[in-house]
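Dear colleague,

I am passing on the structure below, together with some notes on what came out of it. Please look through it first and then read on.

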Number of protein chains: 2
Amino acid sequence: MKIKVIQNVLQTNDAVAEQNRQIASAKEILMVNIMSAPGSGKTTLLVKTLVALGPSRCAVLVGDLQTSRDAERLCTSGAQVIQINTGRGCHLSASEVAKGLEEIKLEGLSYLFIENVGNMVCPASFDLGEHRRVSLLSMPEGDDKVAKYWTLFQTADAILLSKKDLAGILDFDIERVKNDLARINTRAPFIEMSSKSGEGFEVWLSWLKEQHGQMKNS
Amino acid sequence: MKIKVIQNVLQTNDAVAEQNRQIASAKEILMVNIMSAPGSGKTTLLVKTLVALGPSRCAVLVGDLQTSRDAERLCTSGAQVIQINTGRGCHLSASEVAKGLEEIKLEGLSYLFIENVGNMVCPASFDLGEHRRVSLLSMPEGDDKVAKYWTLFQTADAILLSKKDLAGILDFDIERVKNDLARINTRAPFIEMSSKSGEGFEVWLSWLKEQHGQMKNS
């Protein structure tokens, strides 16, 4: 009985997610779902990314339990930004994204980023209609997180190691992370980045542009 | 219909939690539920805490989606440690803790720590039978997290600011955190800590001992 209810929720979510994907695909907008623990640098990376891609070509749906602080930071880029407050909700759902899509002027967009609620567990289980999933691992979180929070990294299309500027201070073994990734996801590129030093940013931008091209041609 | 099922789950959880609490109280064991995002330093703090309190007086139930890495680290202290793998589960439940309690030799214990799954959202909604809740905020996670993940901090009996040794490198405003806490939780002490430098550790230990004393006298 309990399982049945959960399946229904997931089935409904997946149907709405598919509609979201079709809306974005029809307009040749690449939808990217960005997931990580709280404070891994999603917002900082996004602000830079919006500016670099051209804010008029981008929009962001940003999920948080409460506050519009991330939306305020993202707005400084000039891109369209919609804040979704989930209250006690631990992840964004496809229907929340669907409502957000109604608020966005889609004409002229090439990229729609979804900044998910900061959480390494729940968001990974919910399709929002994205074309690509990106998972961040922040260096201060430790080199054991891929093995421990494997669901987040297994389904990712790109994995970003953020805050690499702290490498000299922290006891973090990048090879350990790569070894763990080799067991669960060999498909996704692993991009070592720092929003402070700029390391990896051009690789990330190239990856995004490539994915947009692939989506248009598919 | 959906809400009814969720309520039933929470009611069942709360009943089991109450049993867990009674088991611990009867033996004068202080049960402490430690919650935070992934990689905030829960395990490192616990290893030091177990050694300082005396490992024979302590046990730990540690929750992770997968791996026994935290349990292995905690075992080095000499305390009893039980690893609970939740698979895709985003938090520990009271029934998982109840099963864990069956595996632990309770005689002679004064402290039972529960290291919850690394997650700033879901664990806060589930009573496990603890006497005290402790929430960690790691400095690299940013000074906006209390406002954004308020449920974790609102119900805490103590709030620890971890990795404070990184204060000189990070752009983190402690006053901002204190102002946010002043709105949602004025009860819990706010302890600024670093497992590297040792800052705050004695304050934390004193707080634990005081709580144990209060629990015995209640």
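How many residues apart are A:Glu175 and A:Lys178, and in which helix do both lie? They lie in helix 7 of chain A, 3 residues apart, which is about one turn of the helix; helices here are DSSP runs of H or I with at least four residues, strands are runs of E with at least two, and both are numbered from the N terminus.

Before going further, please note that this is a predicted model, in which local features need pLDDT of at least 70 and side-chain atom pairs count only at pLDDT 80 or more, while totals for chains, interfaces and linings use all residues. Residues are numbered from 1 along each chain as its sequence is written, chains are lettered from A and ligands numbered from 1 in the order in which they are written, and side-chain values use heavy atoms, with hydrogens and water left out.

To return to that pair, the side chains of A:Glu175 and A:Lys178 meet in a salt bridge at 3.8 Å, N to O, a salt bridge being a side-chain nitrogen of Lys or Arg within 4 Å of a carboxyl oxygen of Asp or Glu. A:Glu175 counts as partly exposed at 46% relative accessibility, and A:Lys178 is partly exposed as well, at 34% (buried means under 20% relative accessible area, exposed over 50%, and partly exposed in between, with a 1.4 Å probe and protein chains only).

Over all chains the structure holds 34 salt bridges. One of them joins A:Lys164 to A:Glu199, with the closest N and O atoms 3.1 Å apart. Because A:Lys164 lies in the loop between strand 6 (158-162) and helix 7 (174-184) of chain A, and A:Glu199 in the loop between strand 7 (190-192) and helix 8 (201-217), the pair ties together parts that are 35 residues apart in sequence. A:Lys164 is buried at 18%, whereas A:Glu199 is partly exposed at 33%.

In chain B, the side chains of B:Lys178 and B:Glu192 meet in a salt bridge at 3.5 Å, N to O. This pair links distant parts of the chain, with B:Lys178 in helix 7 and B:Glu192 in strand 7, 14 residues apart. B:Lys178 is partly exposed at 33%, and B:Glu192 is buried at 19%.

Turning to the interface, the contact (heavy atoms within 4.5 Å) takes 40 residues from chain B and 40 residues from chain A. The area buried between them is about 3,400 Å², of which carbon and sulfur atoms give 59%; buried area is the accessible area (1.4 Å probe) that two parts lose on being put together, summed over both. B:Pro38, B:Arg69 and B:Lys148 supply 19% of the area that chain B buries against chain A, more than any other three residues.

Across this interface the rule finds 6 salt bridges. B:Lys148 forms one with A:Asp64, the closest N and O atoms being 3.5 Å apart, and both residues belong to a network of salt bridges that also links A:Asp70, A:Arg73, B:Asp144 and B:Lys145.

Finally, chain B can be laid on chain A with an RMSD of 0.0 Å by a turn of 180° and a shift of 0.0 Å along the axis, copies being superposed by least squares on the C-alpha atoms of residues with pLDDT of at least 70 in both. That is the relation of a two-fold axis.
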